[in-house]
Amino acid sequence: MKRPQIIDRSQDDHFMREALALAAQGAALGEVPVGAVLVHEGKVVGRGFNCPISRHDPSAHAEMVAIRDAASALENYRLPGSTLYVTLEPCSMCAGLIVHARVQRVVFGATEPKAGVAASRGQFFEQAFLNHRVLIEGGILAEACSAMLSDFFRQRRMLGRGDTGQVISTAE
């Protein structure tokens, strides 16, 4: 039988505030304000914020950027014993990476009712077919995380720019 994991939650607010600061950096660049930090052995080893617009990369979500940064810093594509703090509930793409990277724990702020797969749109991390279990905790500084997103989109609507300011044709 597997021994229960001891989780230190004493630093959750601190690291989520770091993720919020990164989200603000993304917002300043016109990106949807989502930030993430990856913590290993009590230290931030990976940082990221949403940047798919500026990088022209649809995979450049905050979680992806932070995990890539951490893997490079630790020189390992596996990140066991790590915790990912992200201001918004992960999507399916990021959830897959979290499992493949063997992140131990994900702590998120705001839920994402349309595309979040940790709690909102199905519990991806609880699927029996997964070969790695991830501990999930939501709602850390949820009000601050949600407010940052709401303010960003409110400002976009006032400017009449939609979510990116770009027109994308859906005609085939």
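Analyst: Helices (H or I, at least four residues) and strands (E, at least two) are DSSP runs, numbered from the N terminus. On that basis the chain reads α-β-β-α-α-β-α-β-β-α along the sequence. This is a predicted model, where local features need pLDDT of at least 70, side-chain atom pairs count only at pLDDT 80 or more, and totals for chains, interfaces and linings use all residues. Residues are numbered from 1 along each chain as its sequence is written, and side-chain values use heavy atoms, with hydrogens and water left out.

User: How many helices and strands is that?

Analyst: Five helices and five strands.

User: OK, what does the UniProt "active site" annotation cover?

Analyst: According to the unreviewed UniProt entry, Glu63. Such annotations may be inferred rather than shown by experiment; feature names are shortened, and positions are given in the numbering used here. Glu63 is found in helix H3, residues 62-74.

User: Is Glu63 buried or exposed?

Analyst: Buried, because its relative accessible area is 4%. Buried means under 20%, exposed over 50%, partly exposed in between, using a 1.4 Å probe and protein chains only.

User: And which residues is Glu63 in contact with?

Analyst: Leaving aside neighbours within four places in sequence, Glu63 is in contact (heavy atoms within 4.5 Å) with Ala36, Leu84, Val86, Leu88, Pro90, Cys91 and Cys94.

User: Switching topic: how much of the whole chain is buried?

Analyst: Of its 172 residues, 46% count as buried. As for contacts between residues at least 6 apart in sequence, 58% join residues at least 24 apart.
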